[in-house]
Amino acid sequence: MKRRAFIRTLGAAATAGGFAVPPWPPRRSVKQLQRIGLELYAVRHAMAKDPERTLAAVRAGGYDDVELLWSLGNFGRTPAQVAATLKQEGLRAPSAHISPVAILVGWQRSLDTAKQLGHEYLIVPDLGETARTLDDWREWADHFNTAGAVARRAGIWLAFHNEADHMKPLDGMVPYDVFVARLDASVVRLQLDVGNMLMGGGDPMAYLERHRDRYWSFHLKDVLPNHSADTELGHGVFDFKRFLAAVPALESKPCYVEQEGAADELAAARSNCQYLRQLSF
């Protein structure tokens, strides 16, 4: 008797005998990232030399998406030129990093450009020297709420990205926490940079749990054991399997590699993409 037929016979006999055979334990579904993006700051020096060739290399390296850098002027290219290159290379740009000033001046024009480039998100990465006090952070949150409401009417999301120094306490409070608490979640979303969070002394898993419905984009960045700098994915201390498995509706949330200090930017980008392609969680 073949093994499968034997198991069926055994199950039928057990049921007839008055006891039920417990079902096989359910097998946990294994997931992988369906799309992998690259934050172009990771290849900023290559982009400054030759944007078109660099984007071609990014695509050849296995990436599906890129996060643009309006904050660096898209490396001297017009929106039309950027859109043409993205189309030629088969890349998507779900988001861009922008200067905080953009939400105060010419915001509607920025939203129109975002549509031209196919963005879902415009993300402010930092407030710089304009946020020195907790009241500054609160005032910026109010600006974000106003601009976020305008963005939603245009079909775009405004979002905020965390830097390491956002976790440094001011007057006994963490500025990032004060800022996030004041944001209107119905019009402003968050991008979690896991490496920056670690380098700032925070716990990405704890923040994901605390704001699980507010993080809609991620920077995947590994860090050295002493949390002093970033490193290639899989060479540091962060548990990407555990983290990605915990993100709800991950398939709809852009994820970007961003290793900022690589000696060879494009080689590191290829290695990091390969790591994520092979990662199951």
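Colleague: Quick one on Asp-239: is that residue buried or exposed, or something in between?

Modeller: In this predicted model, Asp-239 is partly exposed, because its relative accessible area is 40%, and partly exposed covers the range between under 20% for buried and over 50% for exposed.

Colleague: Thanks! Where does Asp-239 sit in the secondary structure?

Modeller: You'll find Asp-239 in the loop between β9 (230-231) and α10 (240-246).

Colleague: And what does the side chain of Asp-239 lie 3.3 Å from?

Modeller: A polar atom of that side chain is 3.3 Å from the backbone nitrogen of Lys-241.

Colleague: How far is Asp-239 from Met-205 in space?

Modeller: Their C-alpha atoms are 9.6 Å apart, while in sequence Asp-239 and Met-205 are separated by 34 residues.

Colleague: Switching topic, how much space is in the largest pocket?

Modeller: The largest pocket holds about 270 Å³. It is lined by 13 residues, and the closest to its centre are Ala-131, Arg-132, Trp-137, Asp-165 and Leu-170.

Colleague: Nice. How does that lining divide into nonpolar, polar and charged?

Modeller: Six of the lining residues are nonpolar, five are charged and two are polar.

Colleague: Now the whole chain: how many helices and strands?

Modeller: The protein chain has 11 helices and 10 strands. Of its 281 residues, 47% count as buried.

Colleague: What share of the contacts comes from residues 24 or more positions apart?

Modeller: Among contacts with a separation of 6 or more, such pairs account for 79%.

Methods: Residues are numbered from 1 along each chain as its sequence is written. This is a predicted model: local features need pLDDT of at least 70, side-chain atom pairs count only at pLDDT 80 or more; totals for chains, interfaces and linings use all residues. Side-chain values use heavy atoms; hydrogens and water are left out. On a 1 Å grid over the protein atoms alone, a cavity is a set of points where a 1.4 Å probe fits but cannot get out, and a pocket is an open set with protein on both sides within 12 Å along at least five of seven lines; lining residues have an atom within 4 Å of a point. Grid points are joined across faces, edges and corners, and a volume is the space filled by probe spheres set on the points. Ala, Val, Leu, Ile, Met, Phe, Trp, Tyr, Cys and Pro count as nonpolar, Asp, Glu, Lys and Arg as charged, and the others, Gly among them, as polar. Helices (H or I, at least four residues) and strands (E, at least two) are DSSP runs, numbered from the N terminus. Buried means under 20% relative accessible area, exposed over 50%, partly exposed in between (1.4 Å probe, protein chains only). A polar contact is a pair of N or O atoms within 3.5 Å; within protein, one must be able to donate a hydrogen and the other to accept it, and residues adjacent in sequence count only if both atoms are side-chain atoms. Contact means heavy atoms within 4.5 Å.
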